[in-house]
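Keep the structure open while reading.

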Amino acid sequence: MILNRARLTPCAPSLSNLVHSWTPTVATVSAVYGRAKMKRLLPDTFSWFLIGVVILAYLVPISGKPAEWFGVATNVAIALLFFLHGSRLSTEIVIAGFLHWRLQLFILVMTFGLFPMLGLAIGLFSPSLIDQPIYLGVLFLCVLPSTVQSSIAFTSIAGGNVPAAICAASTSNILGIFLTPALVALLLSSGGHIGMSFDMISKITLQLFLPFVAGQLLQPLIGNWVRSRKTLLAPFDRGSILMVVFLAFSEAVTEGIWEQLAGADLAILILIDAMLLVIVLVFSSVAGKLLRFNREDRIAACLLRFKEKPR
């Protein structure tokens, strides 16, 4: 019997064949990783909606009675948002968030400590780089408390600690009634009323706390139903932010603010705001890791940097 040696002898792959066989795989992984990395750098759908709302407010601003009714609708959407948050979260989670004193203290220090110091640092470039009136506006922005509605909505969208965010944002607004005028008087060497009053307490109570408490009271009855519909909060989270942005930019357009600001000054102002945001976000993230906050707490600490405009 004659054996066929060609069949019995294994064919050992050469190094070139191995390299050739691995090349498509490596290239595919690199391409997928590159696309994923690029996708993270590109604006998401909600960011495009924000840009579209700003453009819409510039082209078709709302004013007069329609603006008043739109403002009422915005307040109703915010109240519904907090009602849904209250009905979704268990009482144990809410209590734990309110008692998280380390996170609350950290956010307050960032709001009334780091931000004002950064505002003073920007003053080193005034008036050589930025006009004095614009700088005073930036400094005033740096001593304002965080925005309750936007901060909590963004925290919810990112999967952060919502109960702690509600407590921290509300506390900063209440303390801001006393701390903001004091910081303005200290940093600007002038006192006086600056547009914040005890009406802020009633506004926070009626628009935010009462709907949240009502949701908590009904949580044993409707909590499971709300939690089983995770997409229920999305339209209120994102929609309320879009409504607030549209109303604010419409007000700016109708009051002619853009005509009062030169193009170069606007570019510098955008650059300063972006720089402030990046510095505070990076500092919040790094400090949160050093303090061993979990992911949800770090998200709340980072996103409670949004500032409230005086009303």
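## Contacts around serine 87

Contact means heavy atoms within 4.5 Å. The model is predicted. Under that cut-off, serine 87 touches Gly215, Gln216, Gln219, Ile222, Gly223, Val226 and Arg227, with residues up to four places away in sequence left out. Serine 87 lies in helix α4, which covers residues 64-88.

Is serine 87 buried or exposed? Its relative accessible area is 0%. Buried means under 20%, so serine 87 is buried.

## Overall fold

The chain holds 14 helices and zero strands. Read along the sequence, its pattern is α-α-α-α-α-α-α-α-α-α-α-α-α-α. The chain has 311 residues, and 37% of them count as buried.

Contacts reach across the sequence. Take those between residues at least 6 apart: 83% join residues at least 24 apart. The chain exposes about 18,400 Å². Carbon and sulfur atoms supply 72% of that area.

## Helices α4 and α11

Two packed helices are described by the angle between their axes and the distance between the axes. For α4 and α11, the angle is about 150 degrees and the axes are 9 Å apart. Angles over 145 degrees count as roughly antiparallel, so α4 and α11 are roughly antiparallel to each other. The crossing of α4 past α11 is left-handed.

Which residues of α4 and α11 make the contact? On the α4 side they are Ala67, Phe70, Gly71, Ala73, Thr74, Ala77, Ile78, Leu80, Leu81, Leu84, His85 and Arg88. On the α11 side they are Leu233, Phe236, Asp237, Ser240, Met243, Val244, Phe246 and Leu247. By class, the contact of α4 with α11 has 14 nonpolar, four polar and two charged residues.

## Threonine 74 and serine 240

Threonine 74 sits in helix α4. With a relative accessible area of 3%, threonine 74 is buried. Setting aside residues up to four places away in sequence, threonine 74 touches Ser240, Met243 and Val244. Threonine 74 and methionine 243 are 169 residues apart in sequence, yet their C-alpha atoms are 6.0 Å apart in space.

Serine 240 belongs to helix α11, residues 233-254. Its relative accessible area is 1%, so serine 240 is buried. Beyond its neighbours within four places in sequence, serine 240 is in contact with Thr74, Ile78, Leu81, Gln149 and Pro235.

## Helix α8

Gln149, a contact of serine 240, is one of the buried residues of α8. Helix α8 runs over residues 148-158 and is mostly covered. Nine of its 11 residues are buried. They are Val148, Gln149, Ser150, Ser151, Ile152, Ala153, Phe154, Thr155 and Ser156.

What follows α8? Glycine 159 does, with a positive phi near 80 degrees.

## Helices α6 and α14

A second pair has another geometry to describe. Helix α6 (residues 101-122) and helix α14 (residues 295-303) pack at an angle of about 25 degrees, with their axes 10 Å apart. Angles under 35 degrees count as roughly parallel, so α6 and α14 are roughly parallel to each other. Their crossing is right-handed.

Leu103, Phe106 and Ile107 of α6 make the contact with Asp297, Ala300 and Ala301 of α14. These residues divide into five nonpolar, no polar and one charged.

Leucine 141 is found in helix α7, residues 132-142. At 29% relative accessibility, leucine 141 counts as partly exposed. Leucine 141 and phenylalanine 115 are 26 residues apart in sequence. Their C-alpha atoms are 8.8 Å apart in space.

Arginine 292 lies in the loop between α13 (263-290) and α14. Its phi is positive, about 60 degrees, although arginine 292 is not a glycine. Is arginine 292 buried or exposed? The relative accessible area of arginine 292 is 76%. The cut-off for exposed is over 50%, so arginine 292 is exposed.

Definitions and conventions: Residues are numbered from 1 along each chain as its sequence is written. This is a predicted model: local features need pLDDT of at least 70, side-chain atom pairs count only at pLDDT 80 or more; totals for chains, interfaces and linings use all residues. Side-chain values use heavy atoms; hydrogens and water are left out. Axes are lines fitted to C-alpha atoms, for helices over the stretch in contact, and angles run from 0 to 180 degrees between N-to-C directions. Helices (H or I, at least four residues) and strands (E, at least two) are DSSP runs, numbered from the N terminus. Angles under 35 degrees count as roughly parallel, over 145 as roughly antiparallel, 65 to 115 as roughly perpendicular and the rest as oblique. A crossing is left-handed if the near helix is turned anticlockwise from the far one by less than a right angle, and right-handed if clockwise. Ala, Val, Leu, Ile, Met, Phe, Trp, Tyr, Cys and Pro count as nonpolar, Asp, Glu, Lys and Arg as charged, and the others, Gly among them, as polar. Buried means under 20% relative accessible area, exposed over 50%, partly exposed in between (1.4 Å probe, protein chains only). Accessible areas come from the Shrake-Rupley method with a 1.4 Å probe; for residues, only the protein chains shown count as cover.
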